[in-house]
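Subject: Structure handover

Hello,

Here is the structure I promised to pass on. Please open it first, then read my notes below.

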Amino acid sequence: MSIHEVFMPALSSTMTEGKIVSWVKSPGDKVEKGETVVVVESDKADMDVETFYEGYLAHIIVQAGDSAPVGSAIAYIAETEAEIATAQTLANSGTAAASPTPAPEPVVAAVATPTLTTQNGSNHREGRVIVSPRARKLAKELKVDLTSLQGSGPYGRIVAADVESLLNKGEKPAPTPAPTFTLAPAPAPVTTPAPVVPGQTVPLTTFQNAVVRNMVASLAVPVFRVGYTISTDGLDKLYKQIKSKGVTMTALLAKAVAVTLQKHPLLNASYSESGIVYHSGINISVAVAMDDGGLITPVLQNADIVDIYSLSRSWKSLVERARAKQLQPEEYNSGTFTLSNLGMFGVDTFDAILPPGQGSILAIGASRPQVVATGDGLFGVRQQMQVNITCDHRIIYGSHAAAFLQDLAKLIETNTQSLTM
């Protein structure tokens with residue numbers, strides 16, 4: 001008998017349970033290897049989940065809208081149509097599905113996760129091209145041959161940036177063979193939160209619960225904070241010059257921080273029990289509030305070396321997909337330094353909570369006109385903003401944070417044109 005259990009996969013390192021958004025397949029439907037069978041909501045995004053086996057979806061254990069712990073069975077897949085009834089009998093009796101091997105493998109793996117052995121037991125198959133849904137869709141639109149690319153994601157996974165980099169190099173895309181099936185994820189509907197009734201207790205969403213866990217974990221880290229005032233006249237002038245080309249202020253700030261981090265690798269590092277982890281890339285996470293509650297931090301990867309125009313395009317795409325809950329794991333969990341900008345709301349100054357796994361987070365306030373004393377002893381009006389950095393005191397000390405802020409201010413105040421080079 002060849003009946004396999006479909007397990008709830010772990011779609012992120014912080015995920016403890018997942019919610020079934022929808023079943024793409026119905027009981028009795030034929031499923032092919034690599035075909036999406038279910039969409040699962042993790043603590044960060046909605047992810048397509050694909051099967052490693054060919055067969056039939058025999059029985060659904062966890063229905064759409066319900067949740068299950070990571071690693072628990074959510075459905076059965078039978079290898080033959082004749083075994084569908086047997087699988088349904090097993091489900092009704094509560095008996096575990098049989099497997100022809102001593103150590104059964106989970107049937108599914110998330111499209112967005114690497115398919116080497118993971119905490120949900122999924123196994124990698126040599127020779128298989130691992131591609132994120134967005135990269136697959138972009139490659140199809142631009143007629144890029146995915147087999148010609150070398151992925152920069154985990155375990156060589158091809159991500160959207162790899163497809164874009166091929167075009168940025170001016171290489172002519174190779175013709176793309178017609179695929180036998182498409183794994184492009186269906187657009188997730190944007191839901192409007194239900195109105196809150198006074199006196200009502202509203203359960204936390206999956207996103208909100210994830211924020212709760214992360215914030216509680218942050219309490220165990222000894223942190224300190226350092227504030228600094230930066231004049232933004234030069235930055236504002238540059239922004240007005242290139243705004244029409246699609247550049248955003250968020251991308252400008254991320255670029256400025258990333259370039260400054262090149263001189264201060266310790267601020268881009270993180271603590272581990274083995275020592276200080278110096279990351280190979282400067283990946284800037286930027287906090288974004290979700291419409292239906294919760295918080296997510298899309299990541300601008302290699303922000304120090306990506307040009308400001310590409311960085312702005314990436315940011316726009318990240319925000320759109322974050323709010324549609326379509327980000328892939330490396331697009332929200334690969335950050336090495338975080339920005340939290342409440343200046344757009346008119347906030348002058350605030351303290352940001354350090355995200356788990358990072359060494360620093362920078363809180364950015366609003367830029368306002370201020371009367372200041374100039375170097376020639378006169379008074380003038382300057383646009384100024386207050387920034388406040390929170391650091392992990394186990395590896396970063398006050399002098400390190402102060403030196404970083406000094407260099408960041410110098411870049412923003414006197415050398416903003418370098419951000420467009």
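Contact here means heavy atoms within 4.5 Å. One more point before the findings: this is a predicted model.

**Ser 218**

Start with Ser 218, which lies in helix 4 (residues 206–218). Leave aside its neighbours within four places in sequence. Ser 218 is then in contact with Ile 353, Leu 354, Pro 355 and Pro 356. Take Leu 354: it sits 136 residues from Ser 218 along the chain, yet their C-alpha atoms are separated by 6.3 Å. Is Ser 218 buried or exposed? Its relative accessibility is 9%, so Ser 218 counts as buried.

**Helix 5 and helix 6**

Next, look at helix 5 (residues 233–242). Its axis and that of helix 6 come within 11 Å and cross at roughly 130°. The two helices are therefore oblique to each other. Helix 5 passes helix 6 in a right-handed crossing. Which residues meet there? Helix 5 brings Leu 235, Asp 236, Leu 238, Tyr 239 and Ile 242. Helix 6 brings Met 249, Leu 252 and Leu 253. By class, this contact of helix 5 with helix 6 has seven nonpolar residues, no polar ones and one charged.

**Helix 6 and helix 8**

Helix 6 (residues 249–261) also packs with helix 8 (residues 398–414). The angle is about 130°, and the axes are 9 Å apart. That makes helix 6 oblique to helix 8. Here, too, the crossing is right-handed. On the helix 6 side, the contact is made by Ala 256, Val 257, Val 259, Thr 260 and Leu 261. On the helix 8 side, the residues are Phe 404, Asp 407, Leu 408, Leu 411 and Ile 412. The contact of helix 6 with helix 8 divides into eight nonpolar, one polar and one charged residues.

**The aromatic pair**

Keep Phe 404 in view. How many aromatic pairs does a search of the whole structure find? The search finds one. The rings of Phe 337 and Phe 404 have their centres 5.7 Å apart and their planes at 50°, so the pair is tilted. This pair links distant parts of the chain. Phe 337 is in strand 17 (residues 337–341), and Phe 404 is in helix 8. They are 67 residues apart. Both Phe 337 and Phe 404 are buried.

Best wishes

Conventions. Residues numbered from 1 in each chain as written. Predicted model: local features only at pLDDT ≥ 70, side-chain atom pairs only at ≥ 80, totals over all residues. Heavy atoms only, no water. Axes fitted to C-alpha atoms, helices over the stretch in contact; angles between N-to-C directions. Helix = DSSP H or I, 4+ residues; strand = E, 2+ residues; numbered from the N terminus. Parallel < 35°, antiparallel > 145°, perpendicular 65-115°, else oblique. Left-handed = near helix turned anticlockwise from the far one by under 90°. Nonpolar A, V, L, I, M, F, W, Y, C, P; charged D, E, K, R; others polar. Phe/Tyr/Trp six-rings, centres within 6.5 Å; stacked < 30°, edge-to-face > 60°. Buried < 20%, exposed > 50% of the residue type's maximum accessible area, 1.4 Å probe, protein only.
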